[in-house]
Amino acid sequence: MFLKVMLSFVLCHLFGVLASSAEIPNHHIFYRQDKRAPLTSIEIVFLGAGKNQEQPSQIGLANTVSALIGEAAKKQGYLDQLSALGANLDIITHPLYQAISISALSENCGESIKMVFDFMRNLEFSNSDLQYAKKQEATDYQSGLRINTYTFMRTYALSQITGKKQFKSLKALKNFSLEDVRQYYDQLLKADVVFFKIISNRDSTEVAKLLHPVTKERETGGFVHSPKFSITDYNVGFKAFVYTDYSHLKSVFCHWMILCGGSVGEENYIPNLISNTLTGDERGLISKYFREELGLVYGPSCAMLSSGGIRYLNIYADPQLHNSEELIVKMSDFIRGLSDNPRFWEALKERRKILKVSPAHNLTPQRSLDREVNIAIYNAPYRKGGYDSVTDDEVRAFLEEFFVPENMIMIFVGPKDHIIDILNKHLPEVDIRVHDVKELIE
């Protein structure tokens, strides 16, 4: 306990105390010690950079700059030099930040940090590098659509409802210039807040000294992070997105997206508790009901997701064609009637018992560190007592506010005419929108 208190004192003294609003001071260190191996993992996080900084005409610019950094590091021999030191380099692009990740043998982490920062500070982009990065990103876009089709579909649907930018754009990618890249990169390096995530077997004060090449005389005045995410007013309505080019499928892949507020600065305890109660494992309510009892679907699931600053619960089901009509009707009724469903409240009671045996102190150093950083970035409210503090009345109020047709987006993948016939027959009030898959990345 004495060592923990002293470590907290040292970090706060050196790098400042986190404000009550959870704004992260410049050059703050988030640290976890792990003595299991002589390794040090450091993320240099440029807060405020990332995908959310992109203009609608520059979708994909952050990823393109990441690709350019990696390519330049390879061409200039830095990757080979880092490998000789037992170090790996990775570039991470997130909606709210970009990060340079260094994993190295602890005895070489100081030299690795200096090498990476010298490289970052002296980096030059050429037109040939940009063309290579564009080609690489275009390939990644196409493969990403094949691998993460449903992510693209959900994000596209949200963009149509909220007016926010799409997930990918090949047109924007083709139009990127060297000036676009250089301007973004300059703002990246000068981000007003840069902080560090560190896991190491070395003492925190030792690693802090090794970071001086990054922190010493670093210019600011670039990207600025705001803990608030502006969400324009939007009217969801009751909408169904049906994607074409899937008439050959013998199943219908279904998503019910229940929008439930912004993803930044809002409490997640209630929607997480609902998702845990519904989730598709063998103990989850939708699995018990739709799979075991009704036999309509093999792999139903529920997860809380977010995109573009909007969070939503996504309920998924994949019925075979002959079960699709009954499944779509019963799932839609199930969602709308959840607040008055006695089985839900019984399942919620059981889920509370299960959550009690998953204490936060069992988190790995990496998960514990990620959790602390996410709380600081998103400034999310914290409840003493966690899920135990969430009352049934709060859950009921949440269901009555959000689990309603006018707040629901449905997505269907399968034979188009078959799906539209089901919707027209059983859900005539729904606004049906038919889209080609090619629209997802343009």
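A: Asp421 counts as exposed because its relative accessible area is 51%, and the cut-off for that class is over 50%. The model is a predicted one. Asp421 belongs to helix α17, which covers residues 416-426. Along the chain, Asp421 and Glu325 are 96 residues apart, while their C-alpha atoms are separated by 9.3 Å.

Two strands pair with β7. One is β10, residues 407-413, which runs antiparallel to β7 and is joined to it by six bridges. Within that pairing, Cys254 has Phe412 of β10 as its bridge partner. The other is β9, residues 310-317, also antiparallel to β7, with seven bridges between them. Here His255 stands opposite Tyr316 of β9. In general, strands of a sheet pair through backbone hydrogen bonds, either parallel or antiparallel.

Helix α11, residues 269-278, is another enclosed element: eight of its ten residues are buried, so the rest of the structure largely surrounds it. The buried set is Tyr269, Ile270, Pro271, Leu273, Ile274, Ser275, Thr277 and Leu278. Ser275 sits in α11 and counts as buried because its relative accessibility is 8%, below the 20% limit. Setting aside neighbours within four places in sequence, Ser275 is in contact with Cys302, Ala303, Met304 and Leu313. With Cys302 there is a polar approach as well: a polar atom of the Ser275 side chain lies 3.4 Å from the backbone oxygen of Cys302.

The other sheet to consider is open and has five strands in the order β1-β5-β2-β4-β3, with mixed pairing. Its edges are β1 (29-33) and β3 (88-93), each of which pairs on one side only. Ignoring direction, neighbouring strands of this sheet are turned against each other by 15 degrees on average. Inside the order, β2 (residues 39-47) pairs with β5 in the antiparallel sense over eight bridges. Helix α15, residues 365-378, lies across β1, β2, β4 (97-105) and β5, and its direction makes an angle of about 165 degrees with β5.

Lys190 counts as partly exposed, because its relative accessibility is 23%. Setting aside neighbours within four places in sequence, Lys190 is in contact with Arg218, Glu219, Thr220, Gly221, Gly222 and Phe223. For Lys190 and Arg218, the sequence separation is 28 residues and the C-alpha to C-alpha distance is 7.4 Å.

The interior can now be described as a whole. In soluble globular proteins, nonpolar side chains tend to be buried together. The largest nonpolar core of this model has 76 residues, and Ile44, Ile69, Tyr243 and Ile409 touch the most other members. Helix α2, residues 61-75, supplies the largest share of this core, with eight residues. Apart from this core lies another, of 46 residues, including Ile286, Ala317, Leu348 and Met408.

Leaving out neighbours within four places in sequence, Ile44 is in contact with Gln98, Ala99, Ile100, Ile102, Val194, Phe195, Phe196 and Val214.

Helix α2 itself remains. Twelve of its 15 residues are buried, so the rest of the structure largely encloses α2. Among the buried residues of α2 are Leu61, Val65, Leu68 and Ile69, as well as the polar Asn63, Thr64, Ser66 and Glu71. Just after α2, Gly77 takes a positive phi of about 85 degrees.

Note on methods:
Residues are numbered from 1 along each chain as its sequence is written. This is a predicted model: local features need pLDDT of at least 70, side-chain atom pairs count only at pLDDT 80 or more; totals for chains, interfaces and linings use all residues. Side-chain values use heavy atoms; hydrogens and water are left out. A nonpolar core is a set of buried Ala, Val, Leu, Ile, Met, Phe, Trp, Tyr and Cys residues joined through side-chain atoms within 4.5 Å. Buried means under 20% relative accessible area, exposed over 50%, partly exposed in between (1.4 Å probe, protein chains only). Helices (H or I, at least four residues) and strands (E, at least two) are DSSP runs, numbered from the N terminus. Contact means heavy atoms within 4.5 Å. Two strands pair if DSSP finds at least two bridges between them. Axes are lines fitted to C-alpha atoms, for helices over the stretch in contact, and angles run from 0 to 180 degrees between N-to-C directions. A polar contact is a pair of N or O atoms within 3.5 Å; within protein, one must be able to donate a hydrogen and the other to accept it, and residues adjacent in sequence count only if both atoms are side-chain atoms.
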